[in-house]
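Let's take a friendly walk through a protein model, one stop at a time. Keep the picture open beside you as you read.

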Amino acid sequence: MRRLILELSAAIGLTVAAAISVVQAAHAGDVMVSDAFARASATPVAKTGAVYFTIRNDGATPDQLTAIQTDAANMAMLHETVEENGVASMRHLGTLAIGPKETVALAPKKMHVMLMGLKAPLKKGDHLEVTLTFEKAGHVKVDVPVGDVAASGPQ
Ligand SMILES: [Cu+2]
């Protein structure tokens, strides 16, 4: 009996580990996307939101992120946060290049995917599906868990 319980718990442990790895990373070709998260909306009437993740290019040639799509919002685009004279503002980036063997992290105060025209406010615990299109690797479907209003990483 004791042996059976041990084997069962080992099997459950493996299942949980497998499920977590599926949630934490998605890839196509040489491109891997991991550590995705979104911030919960601060108000129930929020129309914009931000999504963050890390992109790694394991290939020997450069690739670039060319399009972002999600059913959670009317539009999703890449934004860079720039600070000039102490004032932070956002700038739209058309594409994002990822060099061979390079890792690029979207993070608060650096870069984010801006969701514009949210269909519903983002609630902690929700999951969004975001599809990233790379010039060479193609489409990568990313599961994005929603964290706290001020989340700085996946929780
Ligand atoms: Cu923005």
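Helices and strands here are DSSP runs, a helix having at least four residues and a strand at least two, and they are numbered from the N terminus. The model you are looking at is predicted.

**The overall plan**

Which elements does the protein contain? It has one helix and eleven strands. Reading from the N terminus, the order is α-β-β-β-β-β-β-β-β-β-β-β. Of the 155 residues in the protein, 37% are buried. The accessible surface comes to about 9100 Å², and carbon and sulfur atoms account for 59% of that surface. Now think about contacts between residues with a separation of 6 or more: 68% of these in the protein join residues 24 or more positions apart.

Which residues supply its protein donors? Two of them show how distant parts of the chain are linked: His 79 sits in strand S5 (residues 73-84) and Met 114 in strand S9 (residues 111-118), 35 residues apart. Both His 79 and Met 114 are buried.

What is the geometry of the site? For reference, the ideal angle for four tetrahedral donors is 109.5 degrees.

Now move to Ser 41, which is in the loop between strand S2 (31-39) and strand S3 (48-57). Is Ser 41 buried or exposed? Its relative accessible area is 15%, so Ser 41 is buried; the cut-off for buried is under 20%. The side chain of Ser 41 reaches the backbone nitrogen of Leu 122 at 2.7 Å. Leaving aside residues up to four places away in sequence, Ser 41 touches Ala 46, Leu 118, Pro 121, Leu 122 and Val 149.

S1 pairs with S2 in the antiparallel sense, over four bridges. Within this pairing, Ala 28 has Val 31 in S2 as its bridge partner. Two residues lie between the strands of the hairpin, and Gly 29 takes a positive phi near 55° there.

**Positive phi in residues other than glycine**

Where else can you look for a positive phi? Asp 35, a residue other than glycine, has a phi near 55°, and Lys 101, also other than glycine, has a phi near 60°. Asp 35 is found in strand S2, whereas Lys 101 is in the loop between strand S7 (96-98) and strand S8 (103-105).

| Residue | Relative accessible area | Class |
|---|---|---|
| Ser 41 | 15% | buried |
| Pro 145 | 23% | partly exposed |
| Asp 35 | 37% | partly exposed |
| Lys 101 | 61% | exposed |

**Pro 145 in strand S11**

Pro 145 has its place in strand S11 (residues 138-147). Which residues does Pro 145 touch, not counting those up to four places away in sequence? They are Ala 36, Phe 37, Ala 38, Asp 126 and His 127. Pro 145 can also be compared with Leu 128: the two are 17 residues apart in sequence and 6.4 Å apart in space, C-alpha to C-alpha.

Definitions and conventions:
Residues are numbered from 1 along each chain as its sequence is written. This is a predicted model: local features need pLDDT of at least 70, side-chain atom pairs count only at pLDDT 80 or more; totals for chains, interfaces and linings use all residues. Side-chain values use heavy atoms; hydrogens and water are left out. Buried means under 20% relative accessible area, exposed over 50%, partly exposed in between (1.4 Å probe, protein chains only). A polar contact is a pair of N or O atoms within 3.5 Å; within protein, one must be able to donate a hydrogen and the other to accept it, and residues adjacent in sequence count only if both atoms are side-chain atoms. Contact means heavy atoms within 4.5 Å. Accessible areas come from the Shrake-Rupley method with a 1.4 Å probe; for residues, only the protein chains shown count as cover. Two strands pair if DSSP finds at least two bridges between them.
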